[in-house]
Amino acid sequence: MGIVAGLDSSAGFTRIVVCDADTGAVLRQGYAPHQGDPKAAEVDPQTWLLSLGEAATGGLLEGVQAIGVSAQQHGLVPLDSQGALVRPALVGNDKRAQVAAADLVESLGGRQAWAEAVGSVPGAGQPVAKLRWLARTEPESARRTSLVLQPHDWLVWQLLGRPARRTTDRGAASGTGYWSARTGAYRPDLVELALGHQAVLPEVLGPAEAAGTTPEGLLISAGTGETMAAALGLGLGLGDAVVSLGASGSVMAVHHEALADPNGMITSFADAAGMHLPVVSTSNAVRALRGTAEMLGLESLDELSALALKSTPGASGLVLLPYLEGERTPNLPHSAGTLSGLRRESMKPEHLARAAFEGMLCALTDAMDVLRGRGVEVRRVFLLGAAAALPAVQALAPALFGVQVVVPQPADYAALGAARQAAWALGVARGTLSPSAPPAWQGAAAQILEAGAGVPPAESGGEAAVGQAVRQQYVATREQIHPGAFGA
């Protein structure tokens with residue numbers, strides 16, 4: 001069918017992959033860092049364009065017929081009535097809107113009201129909270145703001161030559177705090193609640209729709225947020241979940257409908273393929289491993305992993321509740337971590353190391369169970385993040401999650417997802433693909449882990465029982481220390 005490109009404009013860089021539109025085979029790649037501090041709370045969007053241009057040098061895009069754009073989520077690009085930038089863009093890692101988010105929650109009547117309205121409770125990162133922050137701290141900038149875009153919306157608009165039509169996709173829109181994945185519609189009243197007045201919002205395109213065509217005839221697909229693009233790049237489908245291991249953690253699954261959670265633990269995103277991506281986040285994941293390594297005087301997580309594997313399932317009764325920074329799931333924002341089960345025989349470094357890995361993975365299983373409790377089927381878990389390569393994680397995860405675990409090889413999955421979306425839109429435009437399903441590209445190269453990989457040979461055949469026993473020990477400890485944390 002041709003050649004397509006996917007570009008991912010993350011917080012710190014632009015990556016571009018050029019792929020065969022039929023198979024997804026990567027033909028060429030480009031990379032360039034953004035200028036400035038990648039941790040800055042606000043940036044000039046022009047740096048994204050400069051980075052894009054640098055990444056595409058050397059004829060990288062020669063022969064490309066369509067481009068898909070993925071970009072960092074939860075950014076806010078405020079524009080005036082002429083389309084000029086009102087102020088630097090506010091990006092996702094800007095936490096200044098925490099008070100503004102709390103104000104919005106109260107203004108609408110609480111967490112349940114927000115969950116029912118748009119499928120999520122405002123957090124500091126979301127555009128709706130940034131709009132409230134702008135109205136409260138920079139009223140003149142807020143007054144001048146007539147059009148609100150996110151980073152991927154702005155990049156698509158620029159690539160198309162700044163046309164009168166501005167677009168987004170349902171995946172990115174579902175993270176704004178003023179678009180509902182359940183109804184598929186904006187809530188302009190929430191924009192006004194946050195900003196103080198109405199603003200023009202981009203048209204929400206369907207998964208296979210094109211945002212437009214450049215004067216040179218290059219098709220630009222709808223684009224999407226990084227999370228949704230990565231899901232498309234990984235080839236996720238119903239029954240698949242993704243567990244992300246960063247300092248904090250998250251569990252995301254593909255589901256056939258949006259989930260409104262009255263407790264606000266589930267954020268109901270839409271995906272880039274016509275389905276939904278409910279997400280449950282934890283405040284603590286790899287930070288619990290790093291803290292344990294420091295406590296034991298170890299220099300790396302590899303050392304902690306090797307030490308943990310010298311222990312046995314259940315860590316000799318030692319249980320770590322890894323709520324080091326408070327916790328979101330369950331909602332215990334003022335809690336601290338707890339180490340339980342200390343006995344003379346359990347007070348050994350290898351047991352503490354194992355308890356750290358079991359605690360982190362059990363806490364993520366708690367998050368997964370929130371989704372399972374709402375009818376989300378999980379048959380396979382994709383494990384992402386550098387810590388996914390640790391032997392202790394790979395040994396313990398299948399038994400604790402209770403399903404097959406897939407560890408994909410490192411790749412630019414967001415850029416690949418953007419390219420796959422471009423191939424989809426191109427095929428639909430040419431009448432060679434259906435708008436109901438993306439092209440069937442080859443799945444990600446991955447390591448497959450079956451339950452029982454970390455169980456001693458003497459316990460062969462009882463892998464599920466061993467995992468359940470560790471899980472029950474953790475849950476019993478959590479219920480003793482934080483009774484009713486997950487409700488009934």
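1. In the charge count used here, Lys and Arg are positive and Asp and Glu are negative, while His and the chain ends are left out. Each charge is placed at NZ of Lys, CZ of Arg, CG of Asp or CD of Glu. On that basis, the chain has 34 positive and 44 negative charges, and their mean positions are 3 Å apart.

2. Keep the origin in mind: this is a predicted model, in which local features need pLDDT of at least 70, side-chain atom pairs count only at pLDDT 80 or more, and totals for chains, interfaces and linings use all residues. Residues are numbered from 1 along each chain as its sequence is written, and side-chain values use heavy atoms, without hydrogens and water.

3. Now the overall fold. The chain has 15 helices and 24 strands (DSSP runs numbered from the N terminus: helices are H or I, at least four residues; strands are E, at least two). The radius of gyration, taken over C-alpha atoms, is 23 Å; the globule rule (2.2 Å times the number of residues to the power 0.38) also gives 23 Å for 488 residues, so the chain is as compact as a globular protein of that length. The C-alpha trace spans about 70 × 50 × 40 Å along its principal axes.

4. Next, burial. Of the 488 residues, 55% are buried (buried is under 20% relative accessible area, exposed over 50%, partly exposed in between; 1.4 Å probe, protein chains only).

5. Look at helix α2, residues 98-108. A100, A101, L104 and V105 are buried there. Seen down the helix axis, the buried residues fall within an arc of 145°, so they line one face of α2 (the arc is that of the directions from the axis to the C-beta atoms). The face turned away carries exposed Q98, V99 and E106. The buried residues pack against α3, α4 and α8 (contact means heavy atoms within 4.5 Å). G109 follows α2, with a positive phi near 110°.

6. Helix α4 is mostly covered, with eight of its 11 residues buried. Among them are K130, R132 and W133. The buried residues of α4 pack against several elements, including α2, α5 and β8.

7. T329 and P330 are joined by a cis peptide bond, omega about 5°; P330 is in the loop between β20 and β21. H74, between β5 and β6, has a positive phi near 70° without being glycine. H74 is partly exposed, at 21% relative accessible area. R162, between α6 and β9, has a positive phi near 55° and is not glycine either. R162 is partly exposed, at 39%.
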